[in-house]
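Good morning, and thank you for the time on today's agenda. Please look at the sequence and the structure as they come up, and keep them in view while I speak.

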Amino acid sequence: IEDCDVELFLVLPRMIVLCFLAEPQRKRAELVRSLLPHRFGRDDKSAAVLGPELVGILAQFVAAIESLGKTAAKGMPWALIVKRAVRGDFEQQDILNLPPLALKAVDDLMREVERWSLELQRH
């Protein structure tokens with residue numbers, strides 16, 4: 001694990017962002033709310049609601065999952081996105097049957113995930 005210390009600290013914030021996007025209403029999403037409270041608003045009942053930028057990246061996440069889901073087996077869209085977040089790129093066998101629009105959706109999502117992961121690292 002000593003060889004991977006730096007990589008772990010680069011990947012961990014990406015995984016936090018992706019897990020949040022996968023289930024933004026789950027209890028574990030509280031971690032993101034506590035680290036980035038300025039990215040959330042409050043509704044009439046004082047419950048935390050996603051701010052506009054979080055709504056935007058959530059829409060990108062859903063679009064990427066849906067575009068991958070049209071060509072990949074069940075469960076594979078999530079696995080492909082996680083692999084991309086960890087490795088930084090796809091392996092050749094991962095992209096053989098993926099349409100260019102799906103790859104673009106994932107690449108766009110990963111750029112946004114990286115931006116959010118940097119913000120998490122600062123807080």
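**Helix packing in a predicted model**

I begin with a contact: F61, A64, I65, L68 and G69 of helix 3 meet P77, W78, L80 and I81 of helix 4. Contact here means heavy atoms within 4.5 Å. Sorted by class, the contact of helix 3 with helix 4 has eight nonpolar residues, one polar residue and no charged residues. Ala, Val, Leu, Ile, Met, Phe, Trp, Tyr, Cys and Pro count as nonpolar, Asp, Glu, Lys and Arg as charged, and the others, Gly among them, as polar.

Before I go further, a word on the source. This is a predicted model, in which local features need pLDDT of at least 70 and side-chain atom pairs count only at pLDDT 80 or more, while totals for chains, interfaces and linings use all residues. Residues are numbered from 1 along each chain as its sequence is written, and side-chain values use heavy atoms, with hydrogens and water left out.

The term pLDDT is the predictor's confidence in each residue, from 0 to 100. The protein chain averages a pLDDT of 84, and 82% of the residues score at least 70. Helices (H or I, at least four residues) and strands (E, at least two) are DSSP runs, numbered from the N terminus.

How do helix 3 and helix 4 (residues 76–87) pack, and at what angle? Their axes are 8 Å apart, and the angle is about 120°. Axes are lines fitted to C-alpha atoms, for helices over the stretch in contact, and angles run from 0 to 180 degrees between N-to-C directions. Helix 3 and helix 4 are therefore oblique to each other. Angles under 35 degrees count as roughly parallel, over 145 as roughly antiparallel, 65 to 115 as roughly perpendicular and the rest as oblique.

Helix 3 also packs with helix 6 (residues 100–122): their axes come within 9 Å and cross at roughly 150°. These two helices, helix 3 and helix 6, are therefore roughly antiparallel. On the side of helix 3, the contact includes E53, L54 and I57, and on the side of helix 6, it includes A102, A105 and V106. The residues of this contact of helix 3 with helix 6 divide into 11 nonpolar, two polar and four charged.

The axes of helix 4 and helix 6 come within 11 Å and cross at roughly 50°, and the two helices are therefore oblique. In this pair, I81, R84 and A85 of helix 4 meet V106, D107, L109 and M110 of helix 6.

Let us now consider single residues. Buried means under 20% relative accessible area, exposed over 50%, and partly exposed in between (1.4 Å probe, protein chains only). Leaving aside neighbours within four places in sequence, M110 is in contact with L18, I81, R84 and A85.

R14 lies in helix 1 (residues 5–22) and, at 15% relative accessibility, counts as buried. Beyond its neighbours within four places in sequence, R14 is in contact with A85, V86, V113, E114 and S117.

Finally, P37 sits in the loop between helix 2 (30–35) and strand 1 (40–42). At 48% relative accessibility, P37 counts as partly exposed.
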